[in-house]
Amino acid sequence: MTLAFTHPYGLLLLPLAFLPLFAGVQDTEPYPSLQTARSDPLSNAADLVLRLLGSLAIAGLVLGLAGLHRLGQSIERTGEGANIVLLFDRSASMNDTFAGDAPTTTGGESKSAAARRFLKEFVTTREHDRFGIAAFSTAPMFVLPLSDHRDATLGAIDAIEQPGLALTNVGKGLAMALSMHDSDILSTHGADGGISSRAIVLVSDGAAVIDRKVQQKLEAAFLKRPINLYWIFLRTEGARGIFDRPGPNDMDTPRAMPERHLHLFFQNLKIPYKAFEVENPAALGEAVATIDKLERRPMRYQERIPQKDLSGVVYAVAALSLFLLTLVKLAEVRLSDRGLSQPAGRGHPEEQ
Amino acid sequence: MSRPAFREARFWLLAAALLLTLAALFVPRVMLKRDAYDAVAFVDLTASMNTRDVSLDGAPVSRLDFTKQRLKNFVARMPCQSKFGLGIFTARRVFVLFEPIEVCRNFSSIDAAIGELDWRMAWEGDSYVTLGVHDAIAVAGELNATLLFFTDGHEAPPLPWTGLPAFEGKPGDVRGLLVGVGGKTLVPLPKFDDSGRETGTLTASDVLQENRSGLPPPDASSRPGWHPKWAPFGDMPVNNNEHMTSVKEDHLNAVAAQTGLAYARLTGAHALHQQFGAVAQPRSVTAAADIRAYPASLALLILVVVFGVLPLRERAAHRRSHAPARLREAHP
């Protein structure tokens, strides 16, 4: 349990708690001589307790004012889930429908809108997953680091419906997604023991030739750590697919058939890889559901316990001390009123 | 009944302290109305933002790093339940990285996202700042958020002689702040090679010094070597110092006036927050406010009086009045 204070400077008032040790709450009264009174352990103890109660009340109030609280903690739990980097193609064609039209002309749903709908559903249902977001068009773009901030993830998925940019640079996007996993492994210090599943979900509607140099770098990077790769390919009507075989007159080169060759490249990476060719919103939903089913490895995740305000507790202690002190005060008797003749009108001597 | 304690100030003070402490214990959290803001910030990632002509903690840093630091600080100062979205600008339009999200719960993510802004994210080398601002206004209007646009105002290629491109929206429809970043003296633009390494500074012949698309200016015929067909802009190289850069405040002020935004130069984080607050449309949210400190501090004050001030006064009074007098009073 870690305690902390909201206003630590308030603690400068804490020495005030020593005040009651110097002066009690009881009334002082004139008495001829204390020489005859013997030291009484019980009275001394009572005196000390009363003074301590005063100290306790002051200390309680000061701690409460300083905002004593228990820090938020995270507890490690085990569940099913994964660390997933969503890698979005933000090229302009993502804003077209599966039929290749602008969404306004046909009333159909654009590819990015469909992707947004199903991925948001996916993110909301996956309770323990941690998500990171990267995007790419001409250049890779870091959007959000891997985290369990659900609404941040949803905000970033919302943004994929915004107009996209020109090109599709898959290679650099993948490199960015990989480096996000790397920095996450470093920043969590392998807290999950390396058992939890790490995945990249690539959502794109096209492919491009990956530069030879970038290919080698990706191969090396994928070799270093096991990462599951899913490619949701949003195929536009009439466009080439990733499972297309070259016809007798077609050139079987990456430039002529980038989708097929990117798929082959992924297959040759020797990592768990699955490709989904999606031609309508319903198929996209199925693809997401399949990923949901596959990415269910046990993982350790951190459950956050929010910070707890303890000032109520210390105020209660202070209130209790003050209550006891007030009671004691009520039980006080006045020596000078009893037995000694006093001017009339100063209390009722028979009252005891 | 009457207890002796009732006649004593100390008892009443203690009772008051007790009541106040109980009040601190049981007082409900008051729901107060507070202002929250929805903001979307766009950061210019064009090459001129790499110029190191601003300083942070005494060390020169690039305009982009300066913007990032101030923006992080700005988000940290936003009240909880405010929302913040982030986007980037290059070429002639903006690109939204994420739509506005709540700032307190997602702070670490937002902070990391701002930290990762890099000029390499830029997808083209052009820098049509005015068009970018126009596009950003449309996006911010759609997101229903106050716009923050960080730029040095350096247009590349330079604006044509006809001036600003027309603004299609309604000026003032979207509130926002155009933030100028950079020093006021001209410094050369840094130059990068194909792999993105800095290799020096640009020279006058590296950049377009004049926008030669469209019609030539009316005074072109007086230029040396002018020919209506073969050299409508004249045939001598011009040097408009476009390879040098500074924060173009006049231009940004003109853009701000055209679009109904406010202009401010980026200085401190606090100033930025105030300038933003002056233009932003706050959204009223209810937040639980802790008012327990008021009764509790009053109770503490009373206890200090009871245990500190009263005994001191008594002792002082005791010293003044002599003991024999007291005895006489007790035993007349």
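**Questions on two chains**

Biologist: In which loop does Pro157(B) lie?

Modeller: This is a predicted model, so the answers describe a prediction. The peptide bond from Ala156(B) to Pro157(B) is cis, with omega near 0°. As for its place, Pro157(B) is in chain B, in the loop between β7 (146-151) and β8 (176-180).

Biologist: Which residue has a positive phi although it is not a glycine?

Modeller: The loop to look at in chain B runs between β3 (54-56) and β4 (59-61), and Asp57(B) lies there. The phi is about 55°, and the residue is Asp57(B).

Biologist: How much area do chain A and chain B bury between them?

Modeller: The size of an interface is often given as the accessible area lost when the parts come together. Here the contact takes 59 residues from chain A and 58 residues from chain B. Of the area buried between the two chains, 66% is on carbon and sulfur atoms, and the total is about 5,100 Å².

Biologist: Which residue of chain B meets Asp309(A) in a salt bridge?

Modeller: Side chains of opposite charge can pair when their charged atoms come close. Between chain A and chain B there are two salt bridges. In one of them, at 2.4 Å from N to O, the partner of Asp309(A) is Arg292(B).

Biologist: Which element gives the largest share of the side of chain A that touches chain B?

Modeller: Chain A and chain B have eight residue pairs in polar contact, with both residues at pLDDT 80 or more. On chain A, the elements that each supply at least two residues to this side are α1 (19-22), α2 (41-65), β5 (140-147), α5 (150-158) and α10 (311-330). The residues of this side divide into 35 nonpolar, 14 polar and ten charged. The largest share is twelve residues, and it comes from α10(A).

Biologist: What is the area of the nonpolar surface patch that includes Leu21(A)?

Modeller: Leu21(A) is placed in helix α1 of chain A. The patch is made by Phe18(A), Leu21(A), Phe22(A), Leu48(A) and Leu52(A), and its area is about 530 Å².

Biologist: How many residues apart in sequence are the parts tied together by Lys111(A) and Asp205(A)?

Modeller: Over all chains the count is 28 salt bridges. One pair is Lys111(A) and Asp205(A), whose side chains meet at 3.0 Å, N to O. Lys111(A) lies in helix α4 (residues 111-125) of chain A and Asp205(A) in the loop between β6 (197-204) and α7 (212-224) of chain A, so the pair joins parts whose separation in sequence is 94 residues.

Methods. Residues numbered from 1 in each chain as written. Chains lettered and ligands numbered in written order. Predicted model: local features only at pLDDT ≥ 70, side-chain atom pairs only at ≥ 80, totals over all residues. Heavy atoms only, no water. Contact = heavy atoms within 4.5 Å. Buried area = accessible area lost by both parts, 1.4 Å probe. Salt bridge = Lys/Arg side-chain N within 4 Å of Asp/Glu carboxyl O. Polar contact = N/O pair within 3.5 Å; in protein donor to acceptor, adjacent residues only side chain to side chain. Helix = DSSP H or I, 4+ residues; strand = E, 2+ residues; numbered from the N terminus. Nonpolar A, V, L, I, M, F, W, Y, C, P; charged D, E, K, R; others polar. Patch = residues over 30% accessible without salt bridge, like charges linked within 9 Å, V, L, I, M, F, W, Y side chains within 5 Å. Areas by Shrake-Rupley, 256 points an atom, 1.4 Å probe, with all protein chains shown as cover.
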